[in-house]
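Here is a short briefing on one protein structure. Look at the sequence and the model first, then work through the points by topic.

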Amino acid sequence: MTPPAFHVGEVRIVYSDVVLTASGGKAPYSWAVSSGALPGGLTLSTGGTVSGTPTAAGGFSFGVQVSDSAGGNASTGGSINIAQYLSGGGTCTVSCPVEAGCVTVCGTYAKPIGGVAPFKYSSPGPLPPGTTLGFPALTGQFTGTGSYPFTVTVVDSLGAATKIGVVFDVFPHIWVKAGSMPTGYIKIPYSTSIPYGGGSGVPKVTLVKGALPPGLTAAVDSRSGLLVISGVPSAIGTYNFILKLTDTSPCGVGYNCWVNTPTLSIVIQLG
């Protein structure tokens, strides 16, 4: 007897008929489940056909026996894996805020649930500029701001289909606008402000090149949207430096979105 050629099925998908075959003995043959159980919703006919619509996911092992018209019989084992029916697992159905400039780390819009790979996917769009459709994430780089709602249709290898609603809201990349810095005087309080915007959250300020005049510090005033350099200078000289603002939005794997100021220069003179 040839062992049964069972294959993967899926809950709620009609199971393609599997016909068991036997050789030898005297036809006609009669088939029956001899141990274990078929997946719920499937039956084995006496003629050797397994068919039906599965009702529960899981792996199912069982034995089958075939008897011929002369009273002979033979047994073998089989198994069927039933996958969870493909369903929509959208993670951006209401909104996924994304900073312009972000790459693929920001593009996930769904969590695969059930189904049997490989998957086919399509969408009429429009997708956020700079991105292309993948599943379960967009690929590419978000390059334009705006709100982008679209629907993705996903079909698995067994024909199950689901639709996932997606909304990406792309906000401006963090920016900073700096001009010339005013001259300061030793031992006299100094303060100047640099506008910044875009991004998300309160950005972190770091010094990436050069040095601030001794006695001065740089800090963000998030309420007014200003990068403030202030303090009481303690040494004369010309100080060239570059500051980096890093916000709370992930822009790529392992790093957040950021912007550098141009090279800033502060001259400290005697009072």
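**Cores**

Among the 24 residues of the largest nonpolar core, Y109, F142, I164, V166 and F168 touch the most other members. Strands 8, 12 and 13 each give at least two residues to this core. Keep in mind that this is a predicted model.

- A second core is separate and has 19 residues, including M181, Y239, F241 and I266.
- In soluble globular proteins, nonpolar side chains tend to be buried together.

- Four strands form an open sheet in the order 8-13-12-9, and their pairing is mixed.
- Strand 8 (96–99) and strand 9 (120–122) are the edge strands, and each pairs on one side only.
- On average, neighbouring strands of this sheet are turned by 30 degrees against each other, direction ignored.
- Strand 12 (residues 146–155) pairs with strand 13 (residues 161–171) in the antiparallel sense, over 10 bridges.
- V154 stands opposite T162, a residue of strand 13.

**A buried loop residue**

- T261 sits in the loop between strand 21 (255–260) and strand 22 (264–269).
- Is T261 buried or exposed? Its relative accessibility is 4%, so T261 counts as buried, the cut-off being under 20%.
- Leaving aside neighbours within four places in sequence, T261 is in contact with V176, L227, I242 and L243.

**The salt bridge**

- How many salt bridges does the structure hold? It holds one.
- The side chains of R223 and D221 meet in a salt bridge, at 3.8 Å from N to O.
- R223 is exposed, because its relative accessible area is 82% and exposed means over 50%.
- D221 has 25% relative accessibility, so D221 counts as partly exposed.

**Disulfides**

- The count comes to three disulfides.
- With bonded cysteines counted along the chain, the pattern is 1-2, 3-4, 5-6.
- C92 is joined to C96, with 1.8 Å from S to S. This link of C92 and C96 is left-handed, with -85 degrees about the S-S bond. Both C92 and C96 are buried.
- C102 and C106 form a disulfide with their sulfur atoms 1.6 Å apart. The torsion about the S-S bond of C102 and C106 is about 85 degrees, so this disulfide is right-handed. C102 is buried at 0% relative accessibility, and C106 is buried at 13%.
- C251 and C257 form a disulfide with their sulfur atoms 1.9 Å apart. The link of C251 and C257 is right-handed, with 80 degrees about the S-S bond. C251 is buried at 4% relative accessibility, and C257 is buried with a relative accessible area of 1%.

Technical notes
Residues numbered from 1 in each chain as written. Predicted model: local features only at pLDDT ≥ 70, side-chain atom pairs only at ≥ 80, totals over all residues. Heavy atoms only, no water. Pairing = 2+ DSSP bridges. Axes fitted to C-alpha atoms, helices over the stretch in contact; angles between N-to-C directions. Core = buried A, V, L, I, M, F, W, Y, C linked by side-chain atoms within 4.5 Å. Buried < 20%, exposed > 50% of the residue type's maximum accessible area, 1.4 Å probe, protein only. Contact = heavy atoms within 4.5 Å. Salt bridge = Lys/Arg side-chain N within 4 Å of Asp/Glu carboxyl O. Disulfide = S-S within 2.5 Å.
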